[in-house]
Amino acid sequence: MQQQKDPFHSLATRLSLGIILLGTLIFIGVLGSNYVLSRNLLEQYVGELARTTAASTVNEIESVFSSVATSADSLAAIVIKADISEQQIQDAIRAFLKINRDIYGMAVALEPNVLQTNIGQFAPYYFRNDSSLSYTDLAVDEYRYLTWDWYQQPKTVTRPVWTEPYYDRGGGNVLMTTYSTPLLIADQQPFAGVATADISLDWLQQLVANIQILETGFGLIVSQQDTVVAHPDQSRVMKKLKSTLDSGFIEHYWDKYVQSKRAQQASYFHAPCRHEQGDCWIAIKPLLDTGWKVVIIIPESELSYEIMLLTGEIALLALVGLVVLVLVIITHTRNMINPLERLASVTAAIGSGNLDVKLPGPSRNDEIGALTTDFRNMRDSLRTHIEQLRQTTAKQQKLESEIEIASNIQMSMLPGGGTVSILDQGYQLYAQLRPARSVGGDLYFYQHQENKLDFIVGDVSDKGVPAALFMAKAVTLYTGAPNEDLSPGDTLARMNLALSQNNDACMFVTALCGRLDLATGELIMANAGHMHPLQKTQDRINELSVDGGTALGLMENVDYPNVVQVLAPQTSLLLYTDGITEAFNTAGEQYHDERLFTIVAHASQTTAESLGSTVLADVDAFVDKAKQSDDITLMVIHYGH
Amino acid sequence: MPLNIEIHAEPNEGKRISLAGSLDTDTAPQLQDKIDHEIDSTAHMIIMDLRRLEFLSSAGLRVIFKTKKLMDNHSGKFMLVNLQPQVRKVFEIIKALDGMNVFRSQEEMDDYLATMQNKVRDGDS
């Protein structure tokens, strides 16, 4: 539970962060490519816009110019008649002006005395003044029409020209350009004057001012001599383009264009702007005949601005989408993770032993639902197992306590309760019984009556509870015998008879039974399949051979002979069970008879207890930490004072 | 030390139980279990081959006696063969060899069985 406090270790947070990061990367990628695509599209669109604007502007201008030119040409065709009067010329001018409202003013200027010898300098000029026409005679000394470009140029080139824009001081008194067509009598010669039609630059200015592309795109018109004819910024009009180059694009690109063969064709290119930071898209289209050019300029920053605007909108959409995505993911992962977190806390609770903790309901059909169900099953079977274990343990404890009681009862059947040490007149006796388990199948007993010491050491086959029960039976049988003053052999025979009847389990007990006359040292012993005792006198040790019969319980009606001998004073008799000679150490080695012989031989002859203790201590030292494999019983009888 | 138990069929509806290892308190229940489940209680003959039995405790003896009793109940034969000295000594100490058919070797047992069969055949004829 501890780690959940750190949000970065939460599955939900990590999942959300991962998806948000990925989503953001995807959005950035999409935005980036969208920016590039949008820019390409917008550039195409802007280029198209620039070109079409240029073309439409040119078309509009050309339609006006050509109608104006046609009017002037028609006037020329009328005037060129030899018999025309001055009045007729003036009437014709006024008539054309009335018809063609695009024309600001018209004039006929005659070469003195060419068309008609009686007419010298003659230059009537009519122009619009509000709604009416005004008249000015240009053939005055103040004006000197013969010197003006609009008169000189057609005369020189003998074909119609559009003049550079100029301020017609003394004439129309406005900025204008003039179409001037030469009056040529019979096949170009001689030159008889000009017929002109003026276009007020105010009109072009108006036209150019109305050109607006996007926010900052604009148009301008440049004459053949690179004079700015029309410009949204009025102050630039009538200036040389190069002196106002900051109005558009730099000199280099303009010169390159003008000098190229494309100069007579429409052109579209990309060049650095001077009046704006960055580049501009520039479309140029020449006005046919005049050598004038319509220029459309769109700053690229405009484009970038548009794209940024577009990208910003998309980014905003993406951001909203991302936020929605994050909310959905967080909600969804919460829904997924919450049951897991609950399961985790439940696991912790179960781990600490609380099996009654409430589990989340299996409300889901997915893996988490399956996990919850499995978890519930696990919890239930765990509960069952623990309950079983508790019951088993309780049973076990009960059994153990019962066995403990049984052990106490069993030991209480033995004199001294398992360990006895007697120092008496004429003899010493030491006996100890150590069951391998709580209860065991070994037995010993002794009874001192008058001068007789009766004793028995036995070993029931196997060990544990069955052996203990059989041992109890054997001890009970034995304790009844001495009172009837039976010899050891008869005692064993009687015990055997009782034990072998109905002994389907084939339990058996080996036993060494004896009676020592404390007065005379006479020892009577009988053996039922038990190991022979050891006899230690003051100078030697030997196995005291007691030949006998089969172990008790295996066969009915067995005779056990009494073996009689006389013990010398200060003789020790050792009776033991195979728990001693077949004791195993941790290496699996057996204690063996030889070692028992040796330890008994080397033990100092003091008391029965010290001899017995020495032997048992040696067995303990040999066994070390190995588990005791069989019941151990040792009885030492020391005869003599 | 563990106990290895092999049971093979012998002629005349007999069974041979070959023991290897240690027959003690821990392993005796295994042998008892095998005998209870795999040996027909009315088998004619059980040969217990102790050639590779290293250790025998009183708990093991009990199983052997019980098996013998099983055979005695219906006059079946129970034989012990190939006793190693230390195992033989266990039998000797409790003086349990007297009532048993114990053979030092396979040959000795085969001779005995041949004699028995001859006796039966002679008796029949």
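I began with β15(A) and strand β16 (residues 452–460) of chain A, which pair in the antiparallel sense over eight bridges. For the terms, strands (E, at least two residues) are DSSP runs numbered from the N terminus, and two of them pair if DSSP finds at least two bridges between them. I then looked up A:Leu443 and found A:Gly458 as its bridge partner in β16(A).

A note on ground rules: this is a predicted model, where local features need pLDDT of at least 70, side-chain atom pairs count only at pLDDT 80 or more, and totals for chains, interfaces and linings use all residues. Residues are numbered from 1 along each chain as its sequence is written, with chains lettered from A and ligands numbered from 1 in the order in which they are written.

Next, which sheet holds β15? I find an open one of five antiparallel strands in chain A, in the order β15-β16-β17-β18-β21. Its edge strands are β15 (442–449) and β21 (563–566), each pairing on one side only.

B:Ile5 has B:Leu19 of β2(B) as its bridge partner. Three residues lie between the strands of this hairpin, and B:Asn12 takes a positive phi near 60°.

Last entry: contacts (C-beta atoms, placed from the backbone, within 7 Å). Leaving aside neighbours within four places in sequence, I list for A:Ile637 the residues A:Tyr427, A:Leu429, A:Phe455, A:Leu516, A:Leu573 and A:Ala608.

Definitions and conventions:
Helices (H or I, at least four residues) and strands (E, at least two) are DSSP runs, numbered from the N terminus. Two residues are in contact if their C-beta atoms, placed from the backbone, lie within 7 Å.
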